[in-house]
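Hi everyone, thanks for coming. Let me put the model up, and then we can walk through a few side chains together.

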Amino acid sequence: MPVLREALLRVSRSGALKSVITRAPITKGVVERYVAGETTEDALRVTRTLADANLTVTIDHLGEDTTKVAQATATTEAYLELLARLSDAGLADIAEVSVKLSAIGQQLGAEGESIATENARLICAAAAEAGTTVTIDMEDHTTTDSTLFVVRALRRDYPWVGAVLQAYLFRTEDDCRELATEGSRIRLCKGAYAEPDSVAYADAAEVDKAYVRCLKILMAGAGYPMVATHDPRLVEIAVALAEREQRAKDTFELQMLYGIRPSEQARLAKLGHTVRVYVPYGTDWYGYLVRRLAEKPANMRFFAHSLVSRS
Ligand code: FDA
């Protein structure tokens, strides 16, 4: 991982940078590029627009690293409201939700995993009622075992729960093999956190090679691969592998983030692929925004500008 990107991701958790970035005058425009808005209504409005463009959606209520039970409960309730509204609006067939376990209690000490599991169950029950699905996002490597454990527990009642695997982790090829079972929805992404060299590839080319190895396993397996990347080469390889495995277009999907390469999203949908856009909304956008900014070297100028104009 490039030094600047890694430094930024690490310092982003310190709190000091947070107050600089969130108060910087030019932040609003940048947030608007990547985030649908602050309210459920904003998420529904953007979902409708994407649906009209023949895209499908997964909606993330922003928030992570929750330190209070009440906050975990409030986030869970926000998802329940969102799912009911999606159903009422007739959007549940094209829009599902993505959930970070740390937003619904995973980090709340010894009880954290079971609190998150219970909250995730409530969200899954609401999704089932609405007629849609849930994907559990993957966070930093210290949470991978716990998150996959929770996914397995949820899948006993809700087999459609999606898992996320990060190609940059050394362990992920094995996880792909284990999870590529009948009907298993698996989102493959590169990985967005600052990870130590002991667990993850640091070099971008190595991450890309690992991504392709994982894609080969998932496309050859019996699951439903969800190819989450904006990298044109990897999208091309994913489609070629699907063709090689004689997969029909409805047995895998392509996923991208809201605000990133929208014309490519439209082009791929026009070719008949299922393209799902990850749409975040809510007030707690800081952690999400920093990861997006760290992904693109040109975005570093934004940080420099924020720091210079902090007064
Ligand atoms: P890469 O970063 O190499 O980007 C390829 C190209 O895409 C760039 O050259 C640029 O053109 C464009 N691009 C990428 N990011 C951009 C940005 N921020 N702004 C502008 N242009 C950009 N991660 C994780 O750890 N856990 C998770 O649960 C998820 N979930 C998830 C869902 C979905 C639907 C997607 C698309 C991604 C994730 N991610 C994630 C994030 C993922 O791990 C990764 O950090 C980003 O997708 C960026 O990596 P790319 O694969 O796009 O490649």
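Which residues does T135 touch, not counting residues up to four places away in sequence? With contact meaning heavy atoms within 4.5 Å, T135 touches E96, V97, S98, V99, G162, A163, V164, R185, R187 and M226.

A quick word on the source: this is a predicted model, where local features need pLDDT of at least 70, side-chain atom pairs count only at pLDDT 80 or more, and totals for chains, interfaces and linings use all residues. Residues are numbered from 1 along each chain as its sequence is written, and side-chain values use heavy atoms, with hydrogens and water left out.

Back to T135, which sits in strand β3, residues 134-136; strands are DSSP runs of E, at least two residues, and helices are runs of H or I, at least four, numbered from the N terminus. T135 is buried at 0% relative accessibility (buried is under 20% relative accessible area, exposed over 50%, partly exposed in between, with a 1.4 Å probe and protein chains only).

Now look at E96, which is buried too, at 1%. R185 makes a salt bridge with E96, the closest N and O atoms being 2.7 Å apart (a side-chain nitrogen of Lys or Arg within 4 Å of a carboxyl oxygen of Asp or Glu). R185 is in strand β5 and E96 in strand β2, so the pair ties together parts 89 residues apart in sequence. R185 is buried as well, at 9%.

The D145 side chain meets that of R171 in a salt bridge, 2.9 Å from N to O. In total, the structure holds 22 salt bridges.
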